[in-house]
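User: Got a new model to go through. Can you walk me through the sheet, the core and the surface?

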Amino acid sequence: MGALTAFFKSLFLKELFQGLAVTGRHLFVRKITVQFPEEKTPQSNRFRGLHALRRYPNGEERCIACKLCEAVCPAMAITIESAEREDATRRTTRYDIDLIKCIYCGFCEEACPVDAIVMTRIFEYHGEKPGDLYYTKQMLLAVGDKNEVQIAKDRAQDAPYR
């Protein structure tokens, strides 16, 4: 009996009409597609985009060259070199991130004890050559300086989860 039922289902194309019914139900429903350049989707304050190095309010960079972010990076995309200053504090002389290698996991951000490296909400960046996505310390500080207001606001909203 089962073989006869299967024969009639295939003869009358029952599965095809079931599929067309699903398509027909969704054909006249309001579309939820976002027209990207003109419309932006809402982002979480925990969005992981372009990296940035932050400064203290007095203008001094936050990074103390502990190299935890370099050690925790699974893609080995971060390179740090440090030197000791006259006041016996250690600061970075080189802080590079290769965004082609980066997997945007956020481990560097979590490992930083002074909240120096953060991932911003910026996702609209590109590079035409591989070298364009190699961010140096000066480039990362410039991103942090430009977006400090948004970064501080996101950090304040995210404080209960830390």
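Analyst: Ground rule for touching: contact means heavy atoms within 4.5 Å. This is a predicted model, where local features need pLDDT of at least 70, side-chain atom pairs count only at pLDDT 80 or more, and totals for chains, interfaces and linings use all residues. Residues are numbered from 1 along each chain as its sequence is written, and side-chain values use heavy atoms, leaving out hydrogens and water.

User: OK. What does I78 touch, beyond residues up to four places away in sequence?

Analyst: I78 touches C69, E70, C73, Y95, D96, I97 and C108.

User: And which residues touch the most other members of the largest nonpolar core?

Analyst: I78 is one of them, along with C69, Y95, I97, L99 and I117. That core has 26 residues. A nonpolar core here is a set of buried Ala, Val, Leu, Ile, Met, Phe, Trp, Tyr and Cys residues joined through side-chain atoms within 4.5 Å. Buried means under 20% relative accessible area, exposed over 50%, and partly exposed in between (1.4 Å probe, protein chains only).

User: Which elements each supply at least two residues of this core?

Analyst: β1 (51-53), β2, β3, β4 (117-119) and α5 (137-146). The largest share, three residues, comes from α5. Helices (H or I, at least four residues) and strands (E, at least two) are DSSP runs, numbered from the N terminus.

User: Switch to the sheet. What's the strand order?

Analyst: β2-β3-β5, an open sheet of three strands with antiparallel pairing. Two strands pair if DSSP finds at least two bridges between them. The edge strands are β2 and β5, each pairing on one side only.

User: How many bridges between β2 and β3?

Analyst: Seven, linking β2 (residues 78-84) to β3 (residues 90-98). I80 has Y95 as its bridge partner in β3. The two strands form a hairpin with five residues between them. In that turn, A88 has a positive phi of about 70 degrees.

User: And how many bridges join β3 to β5?

Analyst: Two, with β5 covering residues 134-135. I97 is partnered with Y135 in β5, and D98 stands opposite Y134.

User: Back to I97. Buried or exposed?

Analyst: I97 counts as buried, because its relative accessibility is 1%. This residue sits in β3. Not counting residues up to four places away in sequence, I97 touches H51, A77, I78, I117, L133, Y134, Y135 and L140. G127 is 30 residues from I97 in sequence and 14 Å away, C-alpha to C-alpha.

User: What about T79, why does it count as partly exposed?

Analyst: Because T79 has 25% relative accessibility. T79 lies in β2.

User: Last topic, the surface. Which residues make the nonpolar patch?

Analyst: L4, F7, F8, L11 and F12, giving about 530 Å². Patches use residues with over 30% relative accessible area and no salt bridge, joining like charges within 9 Å and nonpolar side chains (Val, Leu, Ile, Met, Phe, Trp, Tyr) within 5 Å. A salt bridge is a side-chain nitrogen of Lys or Arg within 4 Å of a carboxyl oxygen of Asp or Glu. Areas come from the Shrake-Rupley method with a 1.4 Å probe; for residues, only the protein chains shown count as cover.

User: Where does L11 lie?

Analyst: In helix α1 (residues 2-11). L11 counts as partly exposed, because its relative accessibility is 47%.
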